[in-house]
Amino acid sequence: MRNSARFPHTLDGLKETLVIWSAELRRAVRSGRAVVLLGLYSMFSALVLLVVGWLAGQVREAVNKQLETAGAGADASAQVGEEMRKGVLGFLLSDDSAMMEALSRVPLEVLVVFKITLFFLPAYVALMGFDQLSGEVGPRSMRYLTVRARRSSVLLGKFLSQATLLLGLVLIIDMAIFVYARIANPGFGFADVVINLIKFWLAAIVFSLAYVSLTTLCSSLFRSPAVSLVFNFILLFVFWLMDTIGRAAQTAYSAYQVVDAYAVGEPSMMPFLRFLRYLSPSYYAGNLLHPKLAEFAASGAAYAGFAMVFLLGAYAVLRARDL
Amino acid sequence: MSDLAIELFGVSKRFGPKVAVSNVSLSVPRGSVFGLIGPNGAGKTTTFSMMCGYLYPTEGTLKVMDVDPATPGALKGRLGALPQDAVLPPGWETGALLTYWARLSALAEPEREAREALEQVGLMEAWNVQTQALSHGMAKRAAMAQALMGRPPLVLLDEPTAGLDPRIAAQVRQVIKGMKEARQTVVVSSHNLQELEELCDAAAILDKGKLAQAGTMSELTGQGSEFRVQIARGDVLIPEIASMADVTDARMEGESVLRVRIKGGVKPEEVISRVVGHLLQHGVLILGVSRGQRLEDRVLQLL
């Protein structure tokens, strides 16, 4: 009885969410901000691509010159190039052999651009959605919505519109990067382009949804969009700091375990600090391109968990607050 | 289904140490036009906001159309609200925004509802205008239009005519009268007491967050308990009038206004006729007779 009464209630909530999602998405697509952000993101990606491409070319040229001077042939040059590529891949992918193998056909500049843009994606997400709720609560336009829709529907509809917009923008950027990579690297086959484009795009989706949720949470906490944005950036910095400190503490702890036999004493960092990295979403980004399903699923589950926690937090805040 | 559209039981609202509304209990009958009256800071908008579910009461309970307004989705399609100072979201054309809201209210023909509502408030020319480009008056009317869409059984209007020019304000009053004829329940919060006296069947007077008085307009203005006679010329014999049947008190207010109070439960028209007859018999010339007080006078007396 209770369940049957709740079904139309849930269905009505879903319909509200869909209406808000489609309306907000249309507004966002038509707004100047989406175009400006797409432009900014494209320019940034293009800049990274150009710098990385130029650096790689310079290094390659310098190595070739040295090999020529030493009297080495083309084979030696190719071998050194491959070794260098492996070295950079190892650095980018934490020397994970399975991942290195899976991504061996992807041009290096694509990986570098992906890594760098992934680092800045949370800031981009924050700029895109910092006022999704605070921009409605502050000027009280939220009141027009809540007489005709549940607060949960408003929250979810706005979150989904932001997420959809981001997915579209990231897809455009990723496609541009892969098209460039295909032109610059004729050996990068069409099938590899398509498969890796989907893989990279999915990784970016999983990664960014947690940050869209975080932005939704920050936007629900304050009435002023500016304060929401600043707080969002502060949280991003704190998460980055937790990841960095956690990794450093782990390195120190590992070194301590190795040399413990020589009784050199405990590392100066407090041991629990190494666990801090688990609380930061960015820690789980490493395995998003992993070929093993279990590794990818663990990362994906971590991001889904973060997204859920942030969204539930945003709902709790919005549900409890006076509008 | 209760006969009451809104019931407040001992409702209080605090913002930190500030008490905005204190222990207010009142009820609004279905199908009536009800006024919320009071000076700035009296708690009208806070009370209004609690009725709409925008604010949660700190103490007490509310029932709006038999449900708690804080229950998610409970008032959907049953309540239209014009909140005060709520800005229309920018980046929308007025028509598209209203159509979106009509769709969100699950109305059968959203665009037709939006057009009809804009026509009702005389704003069809703003259909394709961006909300941020609307003047204050136009934005107010667009906000009013969204409250009318779907003809909800309960409409709450916070300061519906504030900032509107007299012609448009009269149009808005006509819309409210139309809702009254259609048996919709309307709650109007306003500073314009003349307007409320014209529109409302009943009202609550709030002061410093407390309920000063509530009742029908007749009760508030004392229409059944007193009347005034404006004298043009002649001597009024006060003791004779005061001793007439069903008269409890008679006195002059200034030089030319006779105020007569009558017993409760008595038909005022009978007493008025007797008193006027007596005055005419004694050669007093009369300019006019009015029942009760003006609402404005009553409010000023109370606050």
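**View 1. H8(A) passes H11(A) in a right-handed crossing.** A crossing counts as right-handed if the near helix is turned clockwise from the far one by less than a right angle, and as left-handed if anticlockwise. This is a predicted model, in which local features need pLDDT of at least 70, side-chain atom pairs count only at pLDDT 80 or more, and totals for chains, interfaces and linings use all residues. Residues are numbered from 1 along each chain as its sequence is written, while chains are lettered from A and ligands numbered from 1 in the order in which they are written. The axes of H8(A) and helix H11 (residues 293-320) of chain A come within 10 Å. They cross at roughly 140 degrees (lines fitted to C-alpha atoms over the stretch in contact, with angles from 0 to 180 degrees between N-to-C directions). H8(A) is therefore oblique to H11(A); oblique is what remains after under 35 degrees (roughly parallel), over 145 (roughly antiparallel) and 65 to 115 (roughly perpendicular).

**View 2. Residues of H8(A) meet residues of H11(A).** From H8(A) come A:Arg151, A:Ser152, A:Leu155 and A:Phe159. Their partners in H11(A) are A:Leu311, A:Ala314, A:Tyr315, A:Leu318 and A:Arg319. Contact means C-beta atoms, placed from the backbone, within 7 Å. By class, six residues are nonpolar, one is polar and two are charged (nonpolar: Ala, Val, Leu, Ile, Met, Phe, Trp, Tyr, Cys and Pro; charged: Asp, Glu, Lys and Arg; polar: the others, Gly among them).

**View 3. Chain A touches chain B.** Here 24 residues of chain A are in contact with 25 residues of chain B. On the chain A side, helix H1 (2-30), helix H7 (142-146) and helix H8 (151-184) each give two or more residues. H1(A) gives the most, with eight. This side divides into eight nonpolar, six polar and ten charged residues.

**View 4. Chain A has eleven helices and zero strands.** Helices (H or I, at least four residues) and strands (E, at least two) are DSSP runs, numbered from the N terminus. Of the 323 residues in chain A, 36% are buried (20 or more other C-beta atoms within 10 Å of a residue's own; 12 or fewer is exposed, in between partly exposed).

**View 5. The largest nonpolar core holds 144 residues.** A nonpolar core is a set of buried Ala, Val, Leu, Ile, Met, Phe, Trp, Tyr and Cys residues joined through C-beta atoms within 7 Å. B:Ala145, B:Leu156 and B:Val187 touch the most other members. Helix H9 (residues 190-221) of chain A supplies the largest share, 13 residues.

Conventions
Two residues are in contact if their C-beta atoms, placed from the backbone, lie within 7 Å.
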